[in-house]
Amino acid sequence: MPKITQLLFDCDNTLVLSEELAFEACAELSNEMLEKHNISDRYTGPDLMTTFVGQNFRGVVTGLQQKYGFKLSAEEVNSYVDRELGKVIETLLAKAEPCVGVMPVLEQLDQSKKYGMAVVSSSALSRVQASVKKVGQDKFFPPDHIFSAATSLPVPTTKPDPAIYLHACKVIGKEPGECVAVEDSKSGTLSAVRAGIPTIGYVGSYGGAIKQKEMAEVLKEAGVKVIMDDWSQFMDCLAQIEAM
């Protein structure tokens, strides 16, 4: 394995406890969409998160259209995506907090200067920027090393498409094998693994030991190299990958 010189972090529920907050806004607009098309089903934030965790709202809209058999125009999709982004950013700026234990690890990595660090997210760039700034993590990441599948690519996409990881590697100037990704979702893990990037699966943001164990199995099946229950384990997990 090549020497690891670059770390690529997912944002939502990996660096920042933002996923639940974001899906609250997603649910409101999703239910509006369903009502408009005379569909009786309704979603809560946790309902949507269970199905679409790791995807951006454009991915949620695509999934709902496929599930319920309705079709939105490109203009309608863009309108919903724009509205959701505004609602989510407002919520994150008020309520977002860092994932438990991540700040000391980022401080340690920043001081060591051993690895480059970047954020690779499905979420819109403005949302990711707002999240990391709100919790004081923006100082760890160069502004041009925060990447969004929804914003940074010529054609918007979402994880599990590997395009955003491949794009990040190209911009940073690294081969995938020189990087390690940290992901908390199946879709994010598949995105990184399909890009050829060794991946740490983080389950610490899932509530309760049973759910964490379930997600550990999901992430293993998706291709992670090692499972991390808590951010205090990060350096050991990284060392395991470097030793492979």
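Two strands count as paired if DSSP finds at least two bridges between them. Keep that in mind as you explore this predicted model, where strand E1 (residues 6–9) and strand E6 pair in the parallel sense over four bridges.

- Six strands make up an open sheet, in the order E5-E4-E1-E6-E7-E8, and their pairing is parallel.
- At the edges stand strand E5 (146–148) and strand E8 (226–228); each has a single partner strand, so one side of each is left without a neighbour in the sheet.
- From one strand to the next, the twist averages 25°.
- As a reminder, strands of a sheet pair through backbone hydrogen bonds, either parallel or antiparallel.

- Is strand E6 (residues 179–183) buried or exposed? Five of its five residues are buried, so E6 is largely enclosed by the rest of the structure.
- In a regular strand the side chains alternate between the two faces of the sheet.
- You can follow this along E6: Cys179, Ala181 and Glu183 point one way, Val180 and Val182 point the other way, and all are buried.
- Within E7, Ile200 is the bridge partner of Val182.
- To get from E6 to E7, the chain crosses through helix H8 (residues 186–194), and this β-α-β crossover is right-handed.
- E7 pairs in turn with E8, again in the parallel sense and over three bridges; here Ile200 stands opposite Val226 in E8.

**A loop residue to look at: Ile197**

- Where does Ile197 lie? Look in the loop between H8 and E7.
- Buried means under 20% relative accessible area. Ile197 has a relative accessible area of 3%, so Ile197 is buried.
- Not counting residues up to four places away in sequence, Ile197 touches Leu8, Tyr165, Cys169, Pro176, Cys179, Val180, Ala181 and Ala192.
- Ile197 and Leu166 are 31 residues apart in sequence, and their C-alpha atoms are 9.2 Å apart in space.

- Helix H6 (residues 125–134) lies across strand E4 (116–121) and E5, and runs at about 140° to E5.
- Which residues of H6 are buried? They are Arg127, Val128, Ala130, Ser131 and Val132.
- Those buried residues pack against strand E2 (16–17), helix H1 (19–36), helix H4 (74–95), E4 and E5.
- After H6 comes Gly136, whose phi is positive, near 80°.

**Helix H4 beside helix H6**

- Two packed helices are described by the angle between their axes and the distance between the axes.
- The axes of H4 and H6 come within 9 Å and cross at roughly 5°.
- Angles under 35 degrees count as roughly parallel, and H4 and H6 are therefore roughly parallel to each other.
- H4 brings Glu84, Leu85, Val88, Ile89, Leu92, Leu93 and Ala94 to the contact, while H6 brings Ser126, Arg127, Ala130, Ser131 and Lys134.
- Sorted by class, the contact of H4 with H6 has seven nonpolar, two polar and three charged residues.

Note on methods: Residues are numbered from 1 along each chain as its sequence is written. This is a predicted model: local features need pLDDT of at least 70, side-chain atom pairs count only at pLDDT 80 or more; totals for chains, interfaces and linings use all residues. Side-chain values use heavy atoms; hydrogens and water are left out. Buried means under 20% relative accessible area, exposed over 50%, partly exposed in between (1.4 Å probe, protein chains only). Helices (H or I, at least four residues) and strands (E, at least two) are DSSP runs, numbered from the N terminus. A crossover is right-handed if, with the strands pointing away from the viewer, the path from the first strand over the helix to the second runs clockwise. Axes are lines fitted to C-alpha atoms, for helices over the stretch in contact, and angles run from 0 to 180 degrees between N-to-C directions. Contact means heavy atoms within 4.5 Å. Angles under 35 degrees count as roughly parallel, over 145 as roughly antiparallel, 65 to 115 as roughly perpendicular and the rest as oblique. Ala, Val, Leu, Ile, Met, Phe, Trp, Tyr, Cys and Pro count as nonpolar, Asp, Glu, Lys and Arg as charged, and the others, Gly among them, as polar.
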